[in-house]
Amino acid sequence: MSTFLGIAKEFPEIRSRVFQISSPGTLPPKACFLSHIHSDHLQGLDNYIGPVVYCSPATKKLLLRLEKKSVRLTRLCNEVEIEPQRVYRNLGPEHGRDVLRAIPYNTPTKIELDPCQTITVTLFEANHCPGSTMFLIENENKAILYTGDIRAEDWWLESLRRNPILVPYTRGWKRLDCIYLDTTFCGPGSTYETFPSKTQGIGLLISEIRKYPKDTVFHFNAWTYGYEDLWIALASAFNVKIHVDKYRYEIFQSIGDASVYEYGPCLTGYSALSMDKCERMLLSDGCLTLDPNCTRFHSCERGYVCEGRAGRQVVYVHPAVNSHIREPGAGYPRNGSGVEYRSPLPPLFLVVMIDANKNSQARRN
């Protein structure tokens, strides 16, 4: 949810979040800004014809690799070679026009909207998912901040206060005319008052996992992008790898360079040239794996039977926003035996126990 319809009154020539260019009663934009790759922020990009769309380097790489779910599930389930159907390939160079323009974080960048108008845009990490971005947009007279989706934890707020580009604003020497804030989980009542940090949620989950026998199999429903911290923490806590499907592994390989995504090498590994520069040496193979039998921790596609989970009792772990709100869109096992676990503290994940021997349908879903 957003507090505006993608058009900032201070800069009506630009557009964000909604990319249907021919909106009634509005002028065509001269530049567009994409905060991250979650589907509710991509409206209109699948058939987009318009000016340059500015985003972070990771967002560009991820967006151009996103595939239609039906096709990738067919490939996974039937193990057939099907040409990938990239949803947003119309934005890439293969169509003769590279619409997406990546800007590095923390780098004020001048963008010419027309011969008479230039703005300065600076991207800041939004603590939401790989590539997620806030945009500081300025000219000589006005300044706004478009947040996109953010996770406003204490450490992140402190990083903004310490950012040298933002010091003139935090010290009051400059003033923002407006903050355009996405407000997905803002609302009245106590339900929306308390949200756990990622660290609290992941720490609580790891504590619960430690109570299970050491041969227990887990499946983590990381249904969208933004749960990479969980994989890394699990790998560190239990000295294991996390099994993912080939599509998801290749997605993260595309942002495996630390200059693109900070945790990319931790997920899919990295190598370096040897001293004589004759060959590359693998220094880390990352915490993700394509081998379903080498680990008891899985985060592969829910829509197909995984060899490492099939026929075994599995603890399914599902996202939750806090102790009252489940993660919208994640989906949950249906008709499963066992009991649902909810922590008395605000969890990051909801844990559901499914007896695979009694309900194979629930295991497949």
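Leucine 283 is partly exposed, with a relative accessible area of 47%; that label covers the range between buried (under 20%) and exposed (over 50%), using a 1.4 Å probe and protein chains only. The model is a predicted one, so to speak of local features takes a pLDDT of at least 70, side-chain atom pairs count only at pLDDT 80 or more, and totals for chains, interfaces and linings use all residues. Residues are numbered from 1 along each chain as its sequence is written, and side-chain values use heavy atoms, with hydrogens and water left out.

Leucine 283 sits in strand E13 (residues 280–284); strands (E, at least two residues) and helices (H or I, at least four) are DSSP runs numbered from the N terminus. Together with Tyr270 and Met281, Leu283 makes up a nonpolar surface patch of about 290 Å² accessible area. Patch members have over 30% relative accessible area and no salt bridge, with nonpolar side chains (Val, Leu, Ile, Met, Phe, Trp, Tyr) joined within 5 Å and like charges within 9 Å. A salt bridge here is a Lys or Arg side-chain nitrogen within 4 Å of an Asp or Glu carboxyl oxygen, and areas come from Shrake-Rupley with a 1.4 Å probe.

Strand E10 (residues 217–220) is another story: Val217 and His219 on one side are buried, and so are Phe218 and Phe220 on the other, leaving both faces covered. E10 pairs in parallel with E16 (residues 314–319) over four bridges, pairing being at least two DSSP bridges between two strands. Valine 217 has valine 314 as its bridge partner in E16. E10 also runs parallel to E15 (residues 297–298), joined by two bridges, with histidine 219 opposite histidine 298.

A cavity is a set of points on a 1 Å grid where a 1.4 Å probe fits but cannot get out, whereas a pocket is an open set with protein on both sides within 12 Å along at least five of seven lines; lining residues have an atom within 4 Å of a point. The second largest pocket has a volume of about 680 Å³, and among its 31 lining residues Glu125, Asn127, Trp155, Glu262 and Tyr263 lie closest to the centre.

Key: Points joined across faces, edges and corners; volume = space filled by probe spheres on them.
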